[in-house]
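These are my notebook entries on a structure that I am opening for a reader new to it. I record what I looked up, entry by entry.

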Amino acid sequence: MSFLKEIARRRTFGIISHPDAGKTTLTEKLLLFGGAIQEAGAVKNNKIKKGATSDFMEIERQRGISVATSVLAFIYKDKKINILDTPGHKDFAEDTFRTLTAVDSVIVVIDVAKGVEPQTEKLVEVCRMRSIPMLVFINKLDREGKDAFDLLDEVEQKLGLRVTPMSFPIGMGYDFKGIYNIWEKKLNLFAGDKKQTVSEGVEFDDLSNPELDKAVGKKAADTLREEVELIDEVYPPFNQEEYLKGELQPVFFGSALNNFGVKELLDAFIQIAPSPQPKKAEERLVDSKEQKMTGFVFKIHANMDPKHRDRLAFIKVVSGVFKRNSPYLHVRNGKKVKFSSPNAFFAEKKEIVDESFPGDIVGIHDTGNFKIGDTLTEGEELNFRGIPSFSPEHFRYVNNADPMKSKQLYKGLDQLMDEGVAQLFILEMNGRRVVGTVGALQFEVIQYRLEHEYGAKCTYENLSVHKACWVEPTDPKNEEFKDFKRVKQRYLAKDKEGQLVFLADSAFTMQMTQSKYPSVKLHTTSEFKK
Ligand code: G4P
């Protein structure tokens with residue numbers, strides 16, 4: 001198959017949702033369609049237990065299996081589909097943000113009863129900022145939930161999206177009869193007793209056909225006619241270009257658990273979702289069709305075996321063909337590197353491959369040379385951008401609990417930060433180290449891993465910080481900036497890249513500081529510098 005055909009047949013995406021909306025169930029159903037797994041439950045058994053608040057054995061277990069579920073690839077109707085796993089647990093939101101830099105589109109799953117939930121809002125906001133094409137799947141239609149139109153309104157308002165329904169439910173919960181597929185003008189009726197079977201839709205391009213009354217009953221048929229008419233009047237028609245630009249979001253309804261509406265979603269997805277997209281590097285835009293290989297690390301996963309500190313770095317191929325044993329330039333450290341056993345991922349297994357194409361994810365063994373955001377090329381000095389740091393939510397001082405092991409502690413901290421487990425800030429005033437995390441769980445993970453993988457011990461000390469703000473002076477030489485640095489000295493730190501960060505102890509302080517020093521811009525993500 002030609003290089004261009006290989007690119008055109010790839011779909012690399014992530015599924016995002018608030019925990020419990022049905023991401024795992026939907027993933028599993030997609031894999032079943034692709035023949036990648038034989039039975040339901042295969043992915044499910046691997047998921048982190050819900051509400052695991054402080055159980056790090058659970059985290060350790062999760063670390064092991066999440067290598068297996070990091071990338072789930074399968075072939076469906078000759079398309080190579082790569083699903084990148086996005087952890088639902090909020091303590092791992094940072095991982096999800098980073099994964100979103102490697103997807104070409106996303107599917108947003110929403111629970112029909114719960115509507116738009118906080119985690120969905122956050123993740124969709126990131127996708128919106130990056131104009132990532134989004135499809136929305138409203139799930140659990142077999143249960144009583146919100147009215148479909150109200151839900152569409154909610155999605156538009158809370159998520160700031162512009163939606164176009166591609167399918168519409170007939171009834172809901174106990175009365176759920178099926179889905180009318182607006183996109184293909186097909187009727188799919190629900191057979192509650194035939195769960196797990198895939199029903200083929202019946203063509204139904206004229207809703208005035210009296211057969212519809214026979215199929216779903218007169219009342220439901222009339223309601224559907226009215227609703228579809230309303231949809232035609234109120235919502236914009238589907239437009240591929242707008243969807244690809246992130247300006248229009250098609251919505252599907254269904255029930256992942258009952259395998260309802262999933263095939264419609266997948267069939268529409270492979271038709272409309274983008275193949276690997278061009279990606280911005282600091283220097284230029286890189287097109288996936290370019291012959292020379294470029295790629296970047298979006299995730300690093302430590303191995304489970306504490307005696308071997310090797311890690312798996314996940315590389316998204318942006319352009320060209322990634323070849324086994326070819327020399328590539330590791331741009332950040334200027335060295336040539338070769339990989340004798342690059343892994344490709346299939347559903348739940350990985351194997352060594354000779355060639356990977358744009359859109360694919362390659363896993364390479366790493367002994368500490370890579371960090372998140374690193375770029376590989378055939379020689380060009382390129383740096384892919386767009387892996388921002390967000391302000392952590394929790395902050396603590398790290399103290400060395402074993403003075404004989406300070407080297408191990410610093411090395412361990414450094415490597416864990418490269419993996420993206422947390423962020424490290426070094427205070428300007430006294431050089432003390434502060435760790436910032438998204439969830440409280442990470443502190444335990446760090447302590448545990450420092451001890452078991454690096455033989456170092458640490459303790460924590462509380463520190464009251466509300467947000468880390470990246471500092472951008474309009475003019476680094478002006479008096480206002482000098483004054484800011486002098487007055488706020490105690491709260492200034494450097495992040496791992498050497499960027500100046502202000503650790504604000506409250507929202508009020510942030511506000512006051514910003515109004516007192518208007519020329520010193522405070523940002524809660526590091527992205528402004530890109
Ligand atoms: P997540 O990955 O987004 O966290 O959600 P997950 O797929 O685990 O689904 C959360 C719960 O919702 C599961 O139930 C799952 O079976 C259920 N679910 C998913 N899709 C549907 C659907 O279309 N209809 C209905 N009624 N339920 C659905 P659970 O009881 O928490 O887990 P389990 O005991 O079923 O494994």
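Which residues of helix 12 are buried? I found Leu441, Gln442, Phe443, Val445, Ile446, Arg449, Leu450, Glu453 and Tyr454 to be buried, where buried means under 20% relative accessible area, exposed over 50%, and partly exposed in between (1.4 Å probe, protein chains only). I took helices (H or I, at least four residues) and strands (E, at least two) as DSSP runs, numbered from the N terminus.

Two notes on the source belong here. The model is predicted: local features need pLDDT of at least 70, side-chain atom pairs count only at pLDDT 80 or more, and totals for chains, interfaces and linings use all residues. Residues are numbered from 1 along each chain as its sequence is written, and side-chain values use heavy atoms, with hydrogens and water left out.

Entry: the length of helix 12. Gly455 follows helix 12 and has a positive phi, near 65 degrees.

Entry: I traced eight strands in an open sheet with antiparallel pairing, in the order 27-24-26-25-29-30-28-31; two strands pair if DSSP finds at least two bridges between them. Strand 27 (458–462) and strand 31 (520–523) stand at the edges with a single partner strand each, so one side of each has no neighbour in the sheet. From one strand to the next, the twist averages 40 degrees. For such angles, axes are lines fitted to C-alpha atoms, for helices over the stretch in contact, and angles run from 0 to 180 degrees between N-to-C directions. Helix 12 packs on this sheet, touching strand 24 (394–400), strand 26 and strand 27, and its direction makes about 155 degrees with that of strand 27; contact means heavy atoms within 4.5 Å. Helix 14 (residues 507–516) also packs on the sheet, where it touches strand 28 (467–473), strand 30 (500–504) and strand 31. Within the sheet, strand 25 (residues 423–427) and strand 26 (residues 433–437) run antiparallel and are joined by four bridges. Ile426 stands opposite Arg433 of strand 26.

Entry: I found seven strands in an open sheet of mixed pairing, in the order 2-3-1-4-5-11-6. Its edge strands, strand 2 (71–76) and strand 6 (163–165), each pair on one side only. Strand 4 (residues 105–111) and strand 5 (residues 134–139) are parallel and share six bridges, and Asp111 stands opposite Asn139 in strand 5. Helix 5 (residues 118–129) packs on this sheet against strand 1, strand 4 and strand 5.

Entry: Thr86. Where is Thr86 found? I located Thr86 in the loop between strand 3 (79–84) and helix 4 (93–99). Thr86 counts as buried because its relative accessibility is 2%. The side chain of Thr86 reaches the backbone oxygen of Ile15 at 2.5 Å.

Entry: cysteines. A disulfide is a pair of cysteine sulfur atoms within 2.5 Å, and by this rule I counted zero disulfides. Cys127 is buried at a relative accessible area of 0%, and Cys469 counts as buried at 0% relative accessibility.

Key: A polar contact is a pair of N or O atoms within 3.5 Å; within protein, one must be able to donate a hydrogen and the other to accept it, and residues adjacent in sequence count only if both atoms are side-chain atoms.
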